[in-house]
Amino acid sequence: MTATLQQDVTVTPRSISFGHTGFITPDIERSVAFWTKVLGFRADPIGERSAPWLQSFIGVPGAHMRLVHLFGHGAHIEFIEFVSPQGEAIRPAANQPGAAHICLRVTRLAALRQEILDAGGALQGEISEITEGIAKGLRGLFMRDPHGILIELVEVPEE
C-alpha cells in the first residue's frame, strides 16, 4: 500500500471470511447438471425464496427466485434463477469490466475440455502454456459453461 492509503485504513478489528461465489442462471436444472456431472460438484436440493425481506436484501423489487448451493473442490458456489422478475440474459466479454470467472485446477485438461464442449459448454480461449505468474509452466485455458459463465482451467500435474 502507498503511504496515503495506509493513513486512511481503518484499524478497528473486524472479522471477514469468504462465504461463496454466486451466479445468476436462466435454467437452474441445466446449471446443476453441468456443474455436478461434468465438474464434480455436489448440489444441495434446489430451494425457493420469495419472502418480503428478499426484495430489499437483493435490491430487486418483487424478487422470487430458485437457488441451489454446490460444494466441492474446496469451493462453495450458489446458482440463482429468478422466477420473477426475469432479467435479460447477457454474455459479457472476457475483458468487460464486471465480468467474473471461476478458476479450477484440474488434471487431464484436454479430456475435460472435450467433456465441457460435449455438455454444451464453449471455448473462450485455447489450451496455452502459461509463461509467467503463479501458474508459470502449467497449461490452461478459459471456457464457458452452457449459460456463458467463464471458467478458467489450469492443469496441475497428476499426483
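Modeller: Start with E4 and strand E5 (residues 75-84), which run antiparallel and are joined by nine bridges. Keep in mind that this is a predicted model.

Colleague: Which residue in E5 does Met65 stand opposite?

Modeller: Met65 faces Phe82 there.

Colleague: And the turn of that hairpin, how many residues lie between the strands?

Modeller: Two residues lie between E4 and E5, and His73 in this hairpin has a positive phi near 55 degrees.

Colleague: What else does E4 pair with?

Modeller: Strand E3 (residues 47-49) pairs with E4 over three bridges, in the antiparallel sense. Glu48 has Arg66 in E4 as its bridge partner. Strand E2 (residues 42-43) also runs antiparallel to E4, with two bridges joining them. There, Arg42 is partnered with Phe71 of E4.

Colleague: Why is strand E4 (residues 64-72) described as largely enclosed by the rest of the structure?

Modeller: Because eight of its nine residues are buried. Buried here means under 20% relative accessible area.

Colleague: What about the whole chain, how much of that is buried?

Modeller: Of the 159 residues in the protein chain, 32% are buried. The chain exposes about 10300 Å², and 53% of that comes from carbon and sulfur atoms.

Colleague: Switching to helices. Which residues of helix H2 (residues 28-38) are buried?

Modeller: The buried residues of H2 are Ile28, Ser31, Val32, Phe34, Trp35 and Val38.

Colleague: What covers them?

Modeller: The cover includes E2, E4 and E5, along with strand E6 (101-106), helix H4 (109-118) and strand E10 (150-155). So E4 turns up again, as part of the cover over the buried residues of H2.

Colleague: What happens at the two ends of H2?

Modeller: At its start, a side-chain oxygen of Asp27 comes to within 3.3 Å of the backbone nitrogen of Glu29. Just after H2, Gly40 has a positive phi of about 80 degrees.

Colleague: Back out to the overall layout. How many helices and strands does the chain have?

Modeller: It has four helices and ten strands. From the N terminus on, the order is α-β-α-β-β-α-β-β-β-α-β-β-β-β.

Colleague: What box do the C-alpha atoms fill?

Modeller: Roughly 50 × 50 × 30 Å, taken along the principal axes.

Colleague: Last one: how far apart are the mean positions of the positive and negative charges?

Modeller: They are 1 Å apart, for 13 positive and 18 negative charges.

Notes. Residues numbered from 1 in each chain as written. Predicted model: local features only at pLDDT ≥ 70, side-chain atom pairs only at ≥ 80, totals over all residues. Heavy atoms only, no water. Buried < 20%, exposed > 50% of the residue type's maximum accessible area, 1.4 Å probe, protein only. Pairing = 2+ DSSP bridges. Areas by Shrake-Rupley, 256 points an atom, 1.4 Å probe, with all protein chains shown as cover. Lys, Arg positive; Asp, Glu negative; His and termini not counted. Charge placed at Lys NZ, Arg CZ, Asp CG, Glu CD. Contact = heavy atoms within 4.5 Å. Polar contact = N/O pair within 3.5 Å; in protein donor to acceptor, adjacent residues only side chain to side chain.
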